[in-house]
Structure formats: C-alpha cells, structure tokens
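Please keep the structure open while reading.

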Amino acid sequence: MRLIGALFRFSLLAVLVAALALAVAVAIAWSQLPGFDEMMRSPNGQSVEVRAADNSVLVSIGPSYGEWVPYARIPRTMTAAMIAVEDRRFWYHPGVDPIGIARAAVVNARAGRNVQGASTITQQLARNVFLTSNKTFARKGREMILALALERRFTKEALLELYLNRVYFGGGAYGIDAAARKFFGHSAARLSVEEAAIIAGLVKAPSRYAPSADAEAARRRAATVIATMVESGAVTPGEAANADVATVRFAPQEQASGVRYFTDWVLSEVETLTDESIEPLQVLTTLDPVGQRAAEAAIAAETPRGAQGALVAIARDGAVKAMVGGRDYVKTSYNRAVAARRQPGSAFKFFVYAAAIESGVTPDDIVEDRPITIGKWSPRNNNGRYAGPVSVRDAFAQSINTVAVELAARVGFDTVAEMARRFGITTPIDRQPAMALGTSDVTLLEMANAYATVANGGSETPPYAITRIVTGTGKILFDREPAAARVVVAPFVAQRMTDLMKAAVETGTGRAAQIGRPLAGKTGTTSSNKDGWFLGFTAELTTGVWMGRDDARAVSGLAGGRAPARAFAAYMARAVGGTPPEPLNTEVDPGADYVEPDNAAYGLDTGTGEAIGPDGQPIPGDVQQPLPEPPTDEARIDGAWLDRTLEEAQPPR
C-alpha cells in the first residue's frame, strides 16, 4: 500500500510540474504575441519563381489577397461551415481539443496510419501565422502552446476573423474574400450556403478540391460539408435540401500553360528540399522549353477525342526534360504523368524479358508460340493465331502474349515481379500468371525511368527536376550534386533488351514511332483498348507516353502502336532533331566481366524477404512464392519442363 501511495504522490507531483511548465510556456508565448493589427498586416504566403533549364521563367506563383472582412461582415453560413468541418467544438475548447485528440488517436490506431487530424482552428491559425508545416513533435508542441496563448489573448470572434482572412484556399487565394472573388467572381459578403460550403471544404486539401483544379471534386466535397453542417446543427435539413451545389457556377479561370503540370510537381518537391517559408524563392529546373512545347503539341494533336494523354521525357543523367500531365490544365490539374496508376499491358513485358535474359535467354533463342493454359486461364494472342517456333526477338517485336507468359513461367512470376521492383516500380504487383501481360497498375514516370535504365546500360540515375533553389537575397538553399548511378541489371541484359526493343520499332508493333534515327521501344495496350502506351529511347533521351480515359472506359481504336507511338515520334523528332544520330548499344562483349546489380536494386529486405520501396518501407500487394528452377544452357525452351512449370505456377484453388 505504501508503494501504491508513493507512486500516486509521484504521479501527482509529475502532473503538477508538467502543468506548471505548460502554464509558464503559455505565459511566455502570450507575452510575445503581436497585437491584432500587426497580425492583420503580417504577410501571407511566399512568392516562388520556377525557371527552365535556359533560365527562362516558367511560372511565377505568389499569394493573392482580397479585402479584409471584419467578423461582423462575414456571412453566418461561412463561419458555420468552417466550424462544422474544421473544429466543431471551437466555441468551447481552450485552443486545444482533448476530445478531438482522443477521437483521432482511436481512429488512427484502428486504421494503422494517420487518417484523421485533431488540429483546432486556433492551432491552424498558429501554424499559418507563426510556424511551418513540418510534421514534427516539436513543431506540434509549439503549435499547441501558441494556440493556448492565442485563446488567452484574443476573443473567439477575433480568432475566427484572423483565421478566415489568413487561411489558404487554393489557387493562390488567401482569405475568404480572395477565394470568393477567384472562384465565384464576387466578394465574400455575398457567399451563399453552397459557396460557403465549397470554400470551407478547401482547407483540407486546397490543391485537390480547388474549383480551379477540379470543379466536380469541389462540388462533392461541398456536399460532404453541408451534410456535416446538418449534423452539427449549423443548418436545418430544409436549408441543406435547398442548397444545390450542382447549380453553383464558377468564375472563368485564366488560361494556364500545360507546363503547370511540371511546375506543380516541382513545387511539391521544393517542400521536401527546404524549410524556407517566408523569403521569395527562385527554383531552377531541368525543363527544356522548346521540347516542352513540342510535347504539349504532340499530346494535343494525337490524343483521341474524349481521352487524356500524358508524356514524360528523361535525359541520360535523370533530368526531366518535358512533362505533360493532361490535355488541359485549366479543366483538371491532375498530373497523369506522375500520379495516375494504370495497367501497362504489353509494356510490362519489358520486365518479363529482362528477367528471362538475365536467366540466360538470348534474342536468337527459339521459343514456341502455342496455346497454353494455367489453371482456368488461357492467354490468347491479339491476332488469335499461333506462329509456332519463333525467335525471342520476334516474339518481343510482335508482342506475342503466349510467349511472354511462357518466359514468365520459366523464370518464375516472383522473379518477374522482383525485376520490376529492381527497375523502380513501387506500386503493388500481382504475382498471378496474368501479371506477365501487364495487369498490375503502374505510373508513367516509373515506367519511363525503367526504360531509361536500360538506355543507360543497366544503371539507374533517378529522375530529378530541380537543380538549385535560391532565395531572393541570393542564399543557396539547395544545389544538386550528381547522384551515383545504381546498377539494376548487368550491361549484357541492357544490351540484349535494347536489341529486342529495336526490333519492336523496326519490324514490330512500334513502327509508327520511327523518327529516322536509331530507336528502341515497346508498345502497350490493355484489354478493350482502355490504355495505350509507348515507351522508348534514343541514345540521348527516353520518353514515355500514355493515353486513356480517366474513368478507364474503352477508347475506340486506341492501341500503343497508334496514337501513343505517333505522339512519341512527334515529340522526339523535335527534341533530338538537329543533333547527330548516335547508335544504340546492342552488342554484347562475351569477354566482359559480369556486373552484379547493387543490393538495393533488388527491392528486398534481406532479413524478411519483403518487397521494399526506395524509402526502405515494405510495399503492399506482393505475395512471395517459391521459384521453380529453370533449365540451363538450352537454346529452345524444353516443352516438358515448361508444362511442369506451368502446372506448378497454377494459382491456389
């Protein structure tokens, strides 16, 4: 009992000391807070200038402000919407909401990750005015102390006034008046329930829900906000029923160049490279303006009606020279070059053949194009016929499905998946036999990087866009140093893969991509013509093109060897035209030493065998399976062995 009493007294003392320390910290913060007028005048945001490789300005981004709206003039629906969606207990907590923290902890624990935050409006104000967005415990602690001090210094109404006039709403707009004028063409004093709900819904993710980025996403988010307002009692069910977000009309937005897909990607990278949030920044990039215009023109000209197109081009050192994320940035800023996950179809055979070549297969080996069945699945060729004995080179060039599945079965489907991991594919990979035909989703940037690795002799230099970040006063915050190349496959694998891809362009499915100089590439088309891909390279530049609909519906006539290949050719002819053609390296030196891939290239945790990504964290969606041993030193794949392998590769029933 005495021990329990001692522990109780110690705990009580610890709580008292912590409370005293907190009170002292809040008092100090309170004494250092600026006055209301000074906080009104304090600048918002940061100007950032993004420049191309030739030092021309691609985009200048800076804050946009409207008129300061006093609390008495802020529409009641605006304050009600913001409180309902961001901080339902705003009027009752002291700046930090213990109930909200407890609820978020439970939700996040159940989800196994952070899916819900617990920051109050006062905490958000403290962060916006005084702190950065770095996610550290120290910053969170300062945020809470400042929030408690702000609540002691100002009234709730004053805090709401500051918050609604300072918070960022996307599209460069800070404060509700700037947001109302940008998105609706009028002042904040005239906001309707629907418009207020749209603005309130932007705080969670301005870049995703801003009407200038995605009007339908903004409407869907507003509907969620209105439902939340009903739950909190901010509006009646009748008022909510009368609020029709579908009727809201947005103000016309200024036309934006397609280069904004690239600059948006760059700006997201800037946040990881520097903590500077006040001084103006100048960001120097790798983009080639002439090539970028050619890329935008190629996608605009060749993308089928009703579909979207994306393109990314990577130089040998990893520099991103062009990027197109869609046909119209104003209609949607969703960057399909880096964010969209789509099935690659036959473009994924790149990894199948790379694994086969590494296991000993050569382009001149003979394989059998014949009907095969694995379990209840029987892959078919696009033309519905079987060619019989063909060379590996011709099978790749003609994109024969049955041969790709046979080769994948020979080396093992796990081996193919790990080859994709080695080449930098981080999305989940299905280990079932159909994966050989490209059924797992990938991103265009990662696929282009994989092909660029072969173009670079089997060594990867990660794609990059930013070369330097400088402040307005000339202080260098980031200066890129050349990254060490990572050996992914031995040079002989890259050389033989280049041989196969040259054949695909010269005599196979990629003939429409020809530009009158040495070129290697591969087409990809998914079932029902939902996606079309072409990825290829010259000695100087690797380019990937994807086309399809955002809703994944079929696109009549879409195939990788048609519109995507033509867009590739249109861009590459301009991007590398005027330079002397360079031959591609397809000759294998039999006397060269075998180069082992870097350990990190395998994408496996050596302790657990789990697939891991570049950040060292496990990648979901993979299932490890035992690998069958392939035969050795055989030019023709043994049919009996293949039958046994296919039987072993059957998915579990």
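Is arginine 553 buried or exposed? Arginine 553 is exposed, with a relative accessible area of 52%; here buried means under 20% relative accessible area, exposed over 50%, and partly exposed in between, with a 1.4 Å probe and protein chains only. The model is predicted, so local features need pLDDT of at least 70 and side-chain atom pairs count only at pLDDT 80 or more, while totals for chains, interfaces and linings use all residues. Residues are numbered from 1 along each chain as its sequence is written, and side-chain values use heavy atoms, with hydrogens and water left out.

Arginine 553 sits in the loop between β16 (541–548) and α21 (563–575). Helices (H or I, at least four residues) and strands (E, at least two) are DSSP runs, numbered from the N terminus. Alanine 552 is found in that loop between β16 and α21 as well. The phi of alanine 552 is positive, near 60 degrees, in a residue other than glycine, and at 35% relative accessibility alanine 552 counts as partly exposed. Most residues other than glycine have a negative phi.

Asparagine 529 belongs to the loop between β14 and β15 (531–537). Asparagine 529 also has a positive phi, about 55 degrees, although it is not a glycine. Its relative accessibility of 29% makes asparagine 529 partly exposed.

A pocket is defined on a 1 Å grid over the protein atoms alone, as an open set of points where a 1.4 Å probe fits, with protein on both sides within 12 Å along at least five of seven lines; lining residues have an atom within 4 Å of a point. The second largest pocket holds about 1100 Å³ of space, where grid points are joined across faces, edges and corners and the volume is the space filled by probe spheres set on the points. Its lining has 38 residues, of which Ser346, Asn382, Ser399, Asn401 and Thr525 lie nearest the centre. By class, the lining divides into 10 nonpolar, 23 polar and 5 charged residues. In this count Ala, Val, Leu, Ile, Met, Phe, Trp, Tyr, Cys and Pro are nonpolar, Asp, Glu, Lys and Arg are charged, and the others, Gly among them, are polar.

Next come the nonpolar cores. Such a core is a set of buried Ala, Val, Leu, Ile, Met, Phe, Trp, Tyr and Cys residues joined through side-chain atoms within 4.5 Å. The largest one has 85 residues, and Phe351, Tyr353, Phe423 and Met497 touch the most other members. Helix α15 gives the most to this core, with 8 residues. Leaving aside neighbours within four places in sequence, tyrosine 353 is in contact (heavy atoms within 4.5 Å) with Val392, Ala395, Phe396, Val403, Ala404, Leu407, Met497 and Leu500. Apart from this core lies another, of 59 residues, including Val69, Ala173, Leu202 and Ala217.

Helix α9 (193–200) is mostly covered, with 7 of its 8 residues buried. The cover over those buried residues includes α3 (76–86), α8, α11 (215–232) and α12 (237–242). Serine 187 is found in the loop between α8 (176–184) and α9, and at 18% relative accessibility it counts as buried.

Side chains of opposite charge can pair when their charged atoms come close. A search of the whole structure finds 24 salt bridges, each a side-chain nitrogen of Lys or Arg within 4 Å of a carboxyl oxygen of Asp or Glu. Lysine 156 and glutamate 151 form one of them, with the closest N and O atoms 3.0 Å apart. Both partners count as buried, lysine 156 at 13% relative accessibility and glutamate 151 at 10%.

Arginine 393 pairs with aspartate 364, the closest N and O atoms being 2.7 Å apart. Arginine 393 lies in helix α16 (residues 392–397) and aspartate 364 in the loop between α15 (349–358) and β8 (366–369), so this pair ties together parts that are 29 residues apart in sequence. Arginine 393 is partly exposed at 21%, whereas aspartate 364 is exposed at 54%.
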